[in-house]
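Thanks for coming. I will walk through one structure and take it piece by piece. Please have a look at it first.

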Amino acid sequence: MKTTDSVLKLLEKNTNHLSGQQIADQLELSRTAIWKAIRSLESAGYKIESKPHQGYLLLDPPMLSETFIRRNLATKVPLHFELHDSITSTNTRAKELGALPSTSEPQIIVSDQQTKGYGRYGRAFMSPQQTGIYLSILLQNQQEYFDAGLLTTATATALCRAIEKKLDIKPNIKWVNDVLWHDKKISGILTEGITDMETGHLKQIVVGIGIDYLTDPSTYAPEVRQRAGSLRQAVQKKGLSRNAFIGAFLDEFFKLYPKFNSHDFIADYRKYCSTLGQQVTITRGNETITGTASDITDSGELILADGQVFSSGEITKIRKTTT
Ligand code: BTN
């Protein structure tokens with residue numbers, strides 16, 4: 001292993017300062033070699049606090065770090081992580097992993113950047129480096145019937161709970177699964193299933209979440225800026241790293257996941273859902289329907305005031321009704 005990698009591993013294991021001498025002794029290297037490794041880690045972007053008489057402490061870095069995600073995780077669910085600097089799409093990678101013989105434990109794939117990120121209806125999902133959170137959860141299905149739509153609804157709720165708790169702001173949900181802040185989309189969720197071709201059984205589920213976490217909205221194209229936002233302002237105010245937020249979100253997700261079929265979370269979903277009470281235009285296939293969104297069923301379907309119920313579709317227009 002390279003000296004920088006061994007120094008990094010040792011620093012990652014310690015939550016207290018370690019002196020140059022302690023590191024040198026443990027790795028059986030010279031203090032000069034340790035000093036050089038620390039400098040090279042710093043130039044690679046790692047933040048290392050250095051205190052006289054105490055030594056070095058690795059701080060939560062701007063890049064993704066499994067160590068720092070795990071430090072913010074409270075869930076007891078055993079999770080496997082795969083972190084990437086750059087990847088085509090974390091959902092694509094999760095589906096590749098799903099095809100391999102693997103563990104029954106959930107796998108979390110996160111990347112600093114996606115070159116072919118995609119969303120619902122095959123739309124491109126812009127995923128610039130180190131400013132967003134691009135994460136997929138690969139789950140094994142043991143159930144006879146799995147309601148993937150309801151899991152998407154539960155994921156949006158888990159995400160809103162994490163945002164509210166950690167960033168102290170009030171996010172909203174635009175039915176079905178767009179998370180908004182100040183009426184602009186800051187996150188999208190895409191759930192995909194992997195089916196056994198022979199039995200038709202849903203073997204695995206991939207839940208992909210993309211969040212504009214630190215993205216600067218002034219870099220968006222003008223037509224995008226009208227509808228796309230970012231958590232940047234709230235994140236900078238709180239100084240909460242991506243690693244810490246990922247940990248918090250995964251905690252909320254795995255609190256909800258074991259009992260998402262019980263529909264308990266729907267009350268929270270309704271609370272976050274800013275679509276209710278608004279006049280909306282829904283596109284479903286070739287159909288376009290306009291009406292007033294009146295409620296959400298326990299299964300996450302949208303009910304219009306005229307009684308029509310939608311289990312899928314996309315709201316393409318909202319006309320705000322003030323009360
Ligand atoms: C949407 O708004 O239509 C859903 C967007 C989902 C984007 C996420 S980013 C992580 C994962 N990988 C992908 O390629 N897509 C999802």
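Is Asp-168 buried or exposed? Asp-168 is exposed, since its relative accessible area is 57%. Here buried means under 20% relative accessible area, exposed means over 50%, and partly exposed lies in between, with a 1.4 Å probe and protein chains only.

Before going on, a word on what you are looking at. This is a predicted model, in which local features need pLDDT of at least 70 and side-chain atom pairs count only at pLDDT 80 or more, while totals for chains, interfaces and linings use all residues. Residues are numbered from 1 along each chain as its sequence is written, and side-chain values use heavy atoms, with hydrogens and water left out.

Back to Asp-168. Asp-168 sits in the loop between α6 and β6. Asp-168 is not a glycine, yet its phi is positive, at about 60 degrees. Helices (H or I, at least four residues) and strands (E, at least two) are DSSP runs, numbered from the N terminus.

His-182 is exposed, because its relative accessible area is 59%.

One more backbone feature belongs here. Trp-175 and Val-176 are joined by a cis peptide bond, with omega at about 10 degrees. Val-176 is in the loop between β6 and β7, the latter being residues 178–181.

Now the sheet. In what order do the 7 strands of the open sheet run? The order is β3-β4-β5-β9-β8-β7-β6, and the pairing is mixed. Two strands pair if DSSP finds at least two bridges between them. At the edges are β3 (80–84) and β6 (172–174), each of which pairs on one side only. From one strand to the next, the twist averages 20 degrees.

Helix α5 (residues 90–99) lies across β3, β4, β5 (133–140), β8 (184–195) and β9 (202–211), and runs at about 25 degrees to β5. Helix α9 (residues 242–256) also packs on the sheet, where it touches β3, β4, β5 and β9, and its direction makes about 30 degrees with that of β5. For these angles, axes are lines fitted to C-alpha atoms, for helices over the stretch in contact, and angles run from 0 to 180 degrees between N-to-C directions. Contact means heavy atoms within 4.5 Å.

Next, the start of the chain. Which residues of helix α2 (residues 20–27) are buried? They are Gly-20, Ile-23 and Ala-24. These residues are on the same side of α2, because they cover an arc of only 100 degrees around the axis. That arc is the one formed by the directions from the helix axis to the C-beta atoms. Asp-25 and Gln-26, on the other side of α2, are exposed. The buried residues of α2 are covered by elements including α1 (3–13), α3 (31–43) and β2 (55–59). Just after α2 comes Glu-28, with a positive phi of about 55 degrees.

Helix α1 has its own buried residues: Thr-4, Ser-6, Val-7, Leu-8, Leu-10 and Leu-11. Their cover includes α2, α3, β1 (47–51), β2 and α4 (66–71).

Now the ligand. Which of the 18 residues around the ligand come nearest? They are Ser-89, Gln-114, Tyr-118, Arg-120 and Lys-185. A residue is near a molecule or strand if one of its heavy atoms lies within 4 Å of it. Ser-89 has a polar side-chain atom 2.8 Å from an oxygen atom of the ligand. Gln-114 places a polar side-chain atom 2.9 Å from a nitrogen atom of the ligand. For Tyr-118, a polar backbone atom is 2.7 Å from a ligand nitrogen atom.

Leaving out residues up to four places away in sequence, Glu-314 touches Arg-120, Tyr-121, Arg-123, Thr-281, Ile-282 and Thr-283. Glu-314 counts as buried because its relative accessibility is 17%.

Last, Thr-157, found in helix α6 (residues 148–167). Thr-157 is buried, with a relative accessible area of 0%. Beyond its neighbours within four places in sequence, Thr-157 is in contact with Ile-173, Leu-256, Phe-265, Asp-268, Tyr-269 and Tyr-272.

Key:
A polar contact is a pair of N or O atoms within 3.5 Å; within protein, one must be able to donate a hydrogen and the other to accept it, and residues adjacent in sequence count only if both atoms are side-chain atoms.
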